Amino acid sequence: MAKLEIIHPEDEKKPGFTETIEVRGWGICGSDQQLFYIGSGFNFQASGNLWLEISYRVEGAQLFYTRNFLQDIDDESAEALEKRLDEQAEKGEGVFGFGDMMPETSILLTFEPFTFDDENHEKKRVVDCTLKISADTGAVFGRAEPGVRFMNSELKYISAADGVRFMRELIHEITAAQQGKHPDPASYPADSSEWAFLWQLNREAYNRISEHYQEDYFKYPPLVEAFDSWLTQLPAGGSVLDAGCGHGDPVITRLLEKGFHVTGSDFSPNMLKHASQRFPQVEFLPRATTQIDQQAAFDGICSFNSVLYLDLIDLSNSIYRLHTALKPNGLLFLYGFDNGPERRGEPFSHTVGEWMWSWHYGMEEAANILEEHGYFNVLDARKVMVDEGEAERIARELEKQEKERENNLQMEKNHPLPVELPYPNFPVQRSPYADVIIARKRDK
C-alpha cells in the first residue's frame with residue numbers, strides 16, 4: 001500500500017498524535033474488451049480504470065474512508081515513472097501524480113520551493129510538499145457529470161522524502177494493478193477495509209425486500225447438476241456454510257434434504273429472522289462474508305448470488321476469509337450472474353429494486369482471482385445459463401465491425417486528416433449469463 005504517516009510530537013501544551021493516509025490500488029476494473037461506465041457516460045475501456053481504497057486515520061481511528069476509481073491511461077513502466085518522480089523531486093518544483101480524468105479522481109504530489117534568510121543572512125532554498133487526493137464522489141455515487149463533486153484531502157508541509165516515498169509505493173501499486181495483480185488481504189489488518197457506507201446501504205436494502213424476495217435456483221437443470229455434483233464430493237453428513245444465505249430457501253432446504261449439517265451467514269437481520277423461523281435447527285451467523293472468522297470449520301462453503309456480487313475489495317477479502325473457514329481440502333461452490341459482459345462500472349446502482357453497491361465478474365476473471373494468491377485451485381468453471389445463439393451472433397457482429405474498420409481506414413487514405421484519430425474499440429454486445437465455479441482449498 002502507499003502509506004504516509006505524520007507523527008506530531010508531544011509538547012508542553014498538547015499531546016502527541018499520529019495521522020496516517022493510505023491509498024491501495026486493488027486492480028483493474030475489467031478488460032480492454034469492456035467499456036467502463038461511470039456517472040453520465042462511458043470512460044474508455046475498463047482496463048484503464050483502477051479500483052482504489054482511500055483511508056485517513058488519526059491515532060489508528062478511521063476518520064475517512066471511501067472506494068473510488070482512478071483513470072490511468074498511460075502505460076509507463078514502474079522504472080520510467082520512478083525516473084520522472086526523481087527528476088521532479090530533484091528539480092524541486094511542479095507536480096507529479098496520477099489521474100485527473102473522468103472520473104476526476106487524482107493523487108498528486110506538488111513541490112513548492114521558497115527561499116528565506118537564515119541567521120547568517122544567507123539565502124536558503126527549501127522545498128515544501130503537499131499531497132493532494134481528490135475523489136470524484138459525484139460520478140460514482142451521485143450519477144453526476146465527472147468533475148462536479150469531490151471529497152478532497154490535502155496534507156501540506158510534508159517532507160519531500162516522505163512524499164516521494166509515498167508516490168514510489170503508489171507507482172508499484174498502480175503498475176501491479178495494470179498487470180492484472182491484486183493485493184493479498186492476508187497482508188493487511190482485518191478491519192482495514194471495513195466500509196460502514198456499504199454495509200449500511202446493502203443491509204437496509206435487503207431488510208426492505210426480505211418479506212417478498214424469492215429465488216428458484218433449482219429450476220435450471222444445469223445448475224442442479226453442478227450443485228449436486230459438488231455435494232457428492234463432500235463427506236456424507238459434513239458441515240456446509242451457506243455464505244450470504246438470505247432467508248435460506250431453496251439452498252438450505254436442499255442441503256438439509258441431502259443430510260448435511262448446515263450453517264448460514266448473512267448481514268441482513270431481517271433475512272436472518274426469516275431464515276431462523278424457517279430452519280430452527282440451523283445455526284446462523286449475523287455477519288458479512290468479509291467478517292467470517294471461523295477456522296477450518298466447514299467441509300464445504302457455497303454462495304449463490306452473493307460473493308460474486310461483491311466489489312473487488314470485498315471479493316478479495318472474502319476469498320481469504322472463506323479459505324480460512326474451510327477445512328483442509330474443503331470445497332467452495334460459487335454461483336453468480338454476469339449481467340453485462342461487455343461493460344463494467346456503476347457499482348452504486350439499482351439492483352433487485354433497491355439502490356445498492358455491487359459488482360459482477362466474468363467466469364474466467366473470478367477464477368483467476370480465486371487462484372491468484374494460492375488460496376484455491378479451480379476444479380470446474382462452467383456457464384449454466386446462456387444464450388444458445390450467442391456464438392453465431394457474436395461472429396456476425398465481429399465481421400460487421402471488421403468491415404466498418406476497413407471502410408474507415410480506406411476513407412482516411414482517401415481523405416487524410418491533419419491529426420490521426422484512433423479507431424474506437426467498442427466491445428461486442430454480449431448476453432448476460434450465469435456461471436458456476438467449483439474450487440478446492442489449497443494449503444498455505
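Predicted model: local features only at pLDDT ≥ 70, side-chain atom pairs only at ≥ 80, totals over all residues.
Figure 1. The largest cavity holds about 550 Å³ of space.

**Figure 2. Lining of the largest cavity.** The lining of the largest cavity comprises 35 residues. Those that lie nearest the centre of the cavity are Tyr206, Gly244, Asp266, Asn305 and Ser306. Two or more residues of the lining come from each of helix 4 (196–209), strand 12 (261–266) and strand 18 (354–357). Helix 4 makes the greatest contribution, giving four residues to the lining of the largest cavity. Classified by residue type, the lining of the largest cavity consists of 16 nonpolar, 12 polar and seven charged residues.

**Figure 3. The buried face of helix 7.** Helix 7 spans residues 269–278, and Met271, Leu272, His274 and Ala275 are buried within this helix. Viewed down the axis of helix 7, the buried residues fall within an arc of 160°, and they therefore line one face of the helix. The packing partners of these buried residues are helix 4, strand 12 and strand 13 (283–286). Of these partners, helix 4 and strand 12 also give two or more residues to the lining of the largest cavity.

Figure 4. Thr20 is located in strand 2, which covers residues 17–28. Thr20 counts as buried because its relative accessibility is 10%, and buried means under 20%. With residues up to four places away in sequence left out, Thr20 touches Lys3, Leu4 and Glu5, together with Ser55, Tyr56 and Arg57.

Definitions and conventions: Residues numbered from 1 in each chain as written. Heavy atoms only, no water. Buried < 20%, exposed > 50% of the residue type's maximum accessible area, 1.4 Å probe, protein only. Contact = heavy atoms within 4.5 Å. 1 Å grid on protein atoms, 1.4 Å probe; cavity = no way out; pocket = protein on both sides within 12 Å on 5 of 7 lines; lining within 4 Å. Points joined across faces, edges and corners; volume = space filled by probe spheres on them. Nonpolar A, V, L, I, M, F, W, Y, C, P; charged D, E, K, R; others polar. Arc of directions from axis to C-beta.
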